[in-house]
Amino acid sequence: MHGDPLTAPDLWQYLLTVACAQRASDIHLEPTSTGLCCRLRIDGVLSQPAAVNAVAAAVDLGTREALCAHIKVYAGMDIAQKRLPQDGRFNFVDNAAHTWDCRVSTLPTVHGEKLVARLLSQQQTDWGLTDLGYSPDQLQHLLEALASPNGLILMTGPTGCGKTRSLHSCLRRLNADSVNICAVEDPVEMRIAGIQQVQINEKAGLTFVAALRAFLRQDPDIIMVGEIRDDLTATVSAQAAQTGHLVLSTLHTNDAPSALLRLTHMGLAPLHIRSSVRLVTAQRLVRRLCPLCKETVTPTYEQSTRLARSGFPTGKRLSIARGCEACVHGYLGRIGIFQVLPITKRIGDALTQNADTEAIAAIASAQGLKTLLQSGLQLLEDGITSYDELARHVQL
């Protein structure tokens, strides 16, 4: 943009407009010794688009402080408090008349307050399970677990891997007039009509466990727990799954077999895990190559060597990112890679015999279940993602 320097309200409106247009999930406003650095997270990767960088470079210290105060007012935060982290939120409507939920977090740093705004489009609530990236056999295992009248379904992976979207896609699949669905989250990211969604408030004593116990007095059929964070939440979730309720939740583990070991570390007996857990999935989100500008090339010697060890077809060409006006550095959107582990009799027997993660993974492999790497290699073979992108998420 050119002309006179932008005021704080105009600057914030401009940043929101650019972020929405470029499908950014987060806006990072980072204080420097002289002004402001702005970055956008697009398809999981932080970048500095030229349209944003040029404006941020012209922001002086006074405008930066005014911008931070303006955002904090909108988000219902204390503008006088600059020494402690704060959280807030607000809604806004973009130029396309789409409604967005904006969660704001501040953090005091040596140069001033850093601010991160998470953008959640309320129009992105219609994703179905078939849109996420499950292979046909993986999707069949998941649908069979969702059809169970009771049991615990766990979705695992690091922060930002799409677990919440997968959970909500499952809930939309299950949502019907004939069932009572209760969900507790921190925070409630996507609102779904017909589902009773609860935002935890630890200061008021409304924790995951408190909400779970309240749910059990609300005649629920299906319960969703945003995250199993501690031993007590794990215990109550497993108990609910064993007493006639279908429970969906998430864990932070690297893969599906590791989730079973994590539950034992949380104090659940192997017999209780076997009788409560129906299925565990692990997932990552990889960027899709732009179909308009991607190119196919012969893999390098190093790439060929690593791929051969993983069972990738010898001589298969790879697709790479180039970049065009329609995409961001050669990528456009993301897709999931999954590991889906149904708790079969063999795996259940191994659990009760205190088998380790490697033994459970070996049983799963013998039953034909794909690892995260194998799921990713299929996307690589199909030209959907690149070698470099896959290597960011799994060990090649």
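Tutor: Residues are classed here as nonpolar (Ala, Val, Leu, Ile, Met, Phe, Trp, Tyr, Cys and Pro), charged (Asp, Glu, Lys and Arg) or polar (the others, Gly among them). The model is a predicted one, in which local features need pLDDT of at least 70 and side-chain atom pairs pLDDT 80 or more, while totals for chains, interfaces and linings use all residues. Residues are numbered from 1 along each chain as its sequence is written, and side-chain values rest on heavy atoms, without hydrogens or water.

A search of the whole structure finds one cavity of 30 Å³ or more. A cavity is a set of points on a 1 Å grid over the protein atoms alone where a 1.4 Å probe fits but cannot get out, and its lining residues have an atom within 4 Å of a point. The volume of the largest cavity is about 50 Å³, counted as the space filled by probe spheres set on points joined across faces, edges and corners. Its lining consists of Leu-29, Leu-36, Arg-64, Leu-67, Cys-68, Ile-71, Glu-113 and Leu-115. Two elements, α3 and β6, each give two or more residues to this lining; such helices (H or I, at least four residues) and strands (E, at least two) are DSSP runs numbered from the N terminus. The most comes from α3, with four residues. By class, the cavity lining has six nonpolar, no polar and two charged residues.

The axes of α1 (residues 8–21) and α3 (residues 61–74) come within 9 Å and cross at roughly 70 degrees. These axes are lines fitted to C-alpha atoms over the stretch in contact, with angles from 0 to 180 degrees between N-to-C directions. The two helices are therefore roughly perpendicular to each other, the word for angles of 65 to 115 degrees; under 35 is roughly parallel, over 145 roughly antiparallel and the rest oblique. In contact (heavy atoms within 4.5 Å) are Ala-8, Pro-9, Leu-11 and Trp-12 of α1 with Thr-63, Ala-66, Leu-67, His-70 and Ile-71 of α3. Seven of these contact residues are nonpolar, two are polar and none is charged.

A pocket is an open set of grid points with protein on both sides within 12 Å along at least five of seven lines. β5 gives the most, with five residues. The pocket lining divides into six nonpolar, five polar and ten charged residues.

Pro-187 belongs to the loop between β8 (181–185) and β9 (196–199).

α6 (208–215) and α7 (residues 231–241) cross at roughly 20 degrees, their axes coming within 9 Å. That makes α6 roughly parallel to α7. Phe-208, Val-209, Leu-212 and Arg-213 of α6 meet Leu-232, Thr-233, Val-236 and Ser-237 of α7. This contact has five nonpolar, two polar and one charged residues. In the loop between α6 and β10 (222–225) is Asp-219, a residue other than glycine with a positive phi, near 55 degrees.

Helices α8 (residues 256–265) and α12 (residues 357–366) pack at about 140 degrees, with their axes 9 Å apart. They are therefore oblique to each other. Pro-257, Ser-258, Leu-260 and Leu-261 of α8 meet Thr-357, Ile-360 and Ala-361 of α12. Five residues of this contact are nonpolar, two are polar and none is charged.
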